[in-house]
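Please read these notes with the model open beside you.

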Amino acid sequence: MNKEALVLEPETIAFYQAAMKAFAEGGVPFLVGGAYAFAKYTGVTRHTKDFDVFVRKTDGQRALDVLAAAGYRTEMTFPHWLGKAWKGDDFVDVIFSAGNGVAVVDEQWFHCAPDGVVFDMNVKLIPAEEMIWSKGFIMERERFDGADIAHVILARGDKLDWKHLLERFGASWRVLFTHILLFGFIYPGSRASIPKWVMDEMLTRVKNENGNASGEEGGLCRGTLISRQQYLIDLERGLQDARLQPLGKMSRQEIDHWTAAIGVID
C-alpha cells in the first residue's frame, strides 16, 4: 500500500485515480507534480489538500472539459495558468504554466519526464529541472519555495541537467543563482553538488555586468515575477511590470485578474 493511502481518505484517492483515468481515456497527456513528485526526488513525504496535475498549455481547457464530462465541477480559475476540478471538498489543480507566466508547460516537460507510481497508478512525473524552474520564482511573504529547491538539489544535484536549467531561467538567471548561493549556505558540506562550471558561469556573468541598468531596463521591476503582491508599490511609483507583454508573457487583463485574487485564492 502506498504511503499516501495511509493518510488520505479512500474517497479522495478514488477521485484522484478517476481524474487520471479520465485524462488517459480522453487522450490528454499529463504529468503528476506537487508533493508526489517532490517525494520521489527528495524522499521528503508530505500530503497536501490538493493534487497537482500538469498539462501542456494548449491542453488546459481540454483537460477541464474531460473532467467535466466525467461528472466533476470544473473552473478555469486563472486562464493564464490554472484550472480546478472538484468532487466535494477534494480538488485537482490542472496546471499549465506558473502564476507569473514564466514556466509554461511545453513539450520539454514531457520529453524528460521520469516514470513514477502514484496512488498505485503508473504515471509520468514532472522533471526535477522543471520543478526547480517553476518553484524558483515563488518568493511571497506567505510562501517561499526555496527549501524545496534546496532539498531537490541536495538529493539530485549530480543528476540535474544544469545546462537545461540555465536555459530555462534565461534572462532570469539571477533567480537560479540566488537559490544556488542559498544552497551553499544551507548545506555547506554539500556544495560540490553544484558543478564547478555552473558557479564559474554565474560568477562570470555577475563580473561582466556593469551593475547599472540603462535604457528600457532602467525603469523595469522584475520583482513582480517572484511576488505578485510585494512589488505592486513599485509599479504605482512608475516602474514597468516585467510580466506585461511584450517583455513578459501576460496581458494586462491576466495581471489584473491575478492581482485581484490576492488573499482570496492562494
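1. F119 sits in the loop between β6 (115-118) and β7 (121-124). Helices here are DSSP runs of H or I with at least four residues, strands are runs of E with at least two, and both are numbered from the N terminus. F119 is not a glycine, yet its phi is positive, about 55°. D120 lies in the loop between β6 and β7 too. Its phi is about 65°, again positive and again without being a glycine. Most residues other than glycine have a negative phi, and most peptide bonds are trans.

2. D120 is exposed, at 56%. Buried means under 20% relative accessible area, exposed over 50%, and partly exposed in between, using a 1.4 Å probe and protein chains only.

3. A word on the source. This is a predicted model: local features need pLDDT of at least 70, side-chain atom pairs count only at pLDDT 80 or more, and totals for chains, interfaces and linings use all residues. Residues are numbered from 1 along each chain as its sequence is written, and side-chain values use heavy atoms, leaving out hydrogens and water.

4. Look next at the peptide bond from Q245 to P246. It is cis, with omega near 5°. P246 belongs to the loop between β9 (240-241) and α11 (252-260).

5. Helix α3 covers residues 60-69, and its buried residues are G60, A63, L64, V66 and L67. They lie on the same side of α3, because they cover an arc of only 155° around the axis; the arc is that of the directions from the helix axis to the C-beta atoms. Their packing partners are α1 (10-26), β3 (73-78), β4 (82-87) and β5 (90-95). Contact means heavy atoms within 4.5 Å. Just after α3, G71 has a positive phi of about 105°.

6. In helix α6 (residues 146-156), the buried set is G146, D148, I149, A150, V152 and I153. Their cover includes α2 (34-42), α5 (128-135), α7 (162-169) and α8 (173-186).

7. Now the whole chain. It has eleven helices and nine strands. Of its 266 residues, 49% count as buried. Among contacts between residues at least 6 apart in sequence, 60% join residues at least 24 apart. Along its principal axes, the C-alpha trace spans about 55 × 45 × 30 Å.
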